[in-house]
Amino acid sequence: MSAFRKSIAKCMYLAESGIRRSSSMVSPDTKPVLYSYCYSSCSWRVRIALGLKKIPYEIRPTSLVTNRANEFTTYTNEYRELNPMQQVPALQIDGQTLCDSVAIMHYLDETRPLHPLLPQDPHKRAKVREIVEIICSGIQPLQNRLVLSHLGKDKSREWAQHWISRGFRGLEKVLSLSSGKYCVGDEISMADCCLVPQVFNARRYKVSLDPYPTILQLDHSLTTNETIRASHPHSQPDCPPKLANK
């Protein structure tokens, strides 16, 4: 082996050893803590991912509503230190805090490879990432709570319907070519983690789903999955009592 290759091999060994040492500093019995709001689609993605990967975790309800009293955590200076963007989710895991749902899903897959959320095939992996980006960058941010609050009550529903419908027109075409049992072939993935909450949001804003048969079929199949059902907003501890378990 050349001196150059020996040097590269040594660097890789030291890096891997460092990862193992840092991981070993965190007790394996320490459960991740998820700061979550029941109706947050970003939080829901992570709840699905944790469930599919069979990772036990503690949930800490964190209200997005600041103008009413409730028994759950609201945005405070303490939470601002945890997540400077004052959004959910935030996941405390392995001695650190992650605050973006897509970054969290990738981290879970890279550090806990059982029950993978990304396919092994490179093309399928790219397709999963494409669908994730369509939903998480091209649809959801345009109809999230902060945007709709800024628009005001009179305009918010029409705005949400417009951007969800526009996004679903493109997503339907992508999924019609990529889907099998799930969004990409017959392997459940982080694309499915993102699709279910977005379809739920579409229904909340009274978007007609009739033009999107592939999306409807996938959503129907996914929402019969017991793990995904357990992650539903109405099954969360901060769900309004009148909607709990419905």
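Student: Which helix holds Phe-168?

Tutor: Helices are DSSP runs of H or I, at least four residues long, and strands are runs of E, at least two; both are numbered from the N terminus. Phe-168 has its place in helix α7. This is a predicted model: local features need pLDDT of at least 70, side-chain atom pairs count only at pLDDT 80 or more, and totals for chains, interfaces and linings use all residues. Residues are numbered from 1 along each chain as its sequence is written, and side-chain values use heavy atoms, with hydrogens and water left out.

Student: Is Phe-168 buried or exposed?

Tutor: Buried means under 20% relative accessible area, exposed means over 50%, and partly exposed lies in between (1.4 Å probe, protein chains only). Phe-168 has a relative accessible area of 0%, so it is buried.

Student: Which residues does Phe-168 touch?

Tutor: Contact means heavy atoms within 4.5 Å. Residues up to four places away in sequence are not counted here. Phe-168 then touches Ile-139, Gln-198, Val-199, Ala-202, Leu-209, Tyr-212 and Ile-215. Take Ile-215: Phe-168 and Ile-215 are 47 residues apart in sequence, and their C-alpha atoms are 8.2 Å apart in space.

Student: How do α7 and α9 pack?

Tutor: Two packed helices are described by the angle between their axes and the distance between the axes. Axes are lines fitted to C-alpha atoms, for helices over the stretch in contact, and angles run from 0 to 180 degrees between N-to-C directions. The axes of α7 and helix α9 (residues 213–222) come within 8 Å and cross at roughly 70°. So α7 is roughly perpendicular to α9; angles under 35 degrees count as roughly parallel, over 145 as roughly antiparallel, 65 to 115 as roughly perpendicular, and the rest as oblique. Phe-168, Leu-171, Glu-172, Leu-175 and Ser-176 of α7 make the contact with Pro-213, Thr-214, Ile-215 and Leu-218 of α9.

Student: What classes of residue make up that contact of α7 with α9?

Tutor: Ala, Val, Leu, Ile, Met, Phe, Trp, Tyr, Cys and Pro count as nonpolar, Asp, Glu, Lys and Arg as charged, and the others, Gly among them, as polar. The contact of α7 with α9 has 6 nonpolar, 2 polar and 1 charged.

Student: At what angle do α5 and α7 pack?

Tutor: Helix α5 (residues 122–138) packs against helix α7 (residues 153–178) at about 160°, with the axes 11 Å apart. The two are therefore roughly antiparallel. Lys-127, Glu-130, Ile-131, Ile-134 and Ile-135 in α5 meet Leu-171, Val-174, Leu-175 and Ser-178 in α7. By class, that contact of α5 with α7 has 6 nonpolar, 1 polar and 2 charged residues.

Student: And α8 with α9: at what angle do they pack?

Tutor: Their angle is about 110°, with the axes 10 Å apart. Therefore α8 and α9 are roughly perpendicular. On α8 the contact uses Asp-192, Leu-195, Val-196, Val-199 and Arg-203; on α9 it uses Ile-215, Leu-216, Leu-218, Asp-219 and Leu-222.

Student: Is Val-196 buried or exposed?

Tutor: Val-196 sits in helix α8 (residues 190–204). Its relative accessibility is 2%, so Val-196 counts as buried. Leaving aside neighbours within four places in sequence, Val-196 is in contact with Trp-44, Ile-48, Asp-219, Leu-222, Thr-223 and Ile-228.

Student: How many helices and strands does the protein chain have?

Tutor: The protein chain has 10 helices and 4 strands. Of its 246 residues, 43% are buried.
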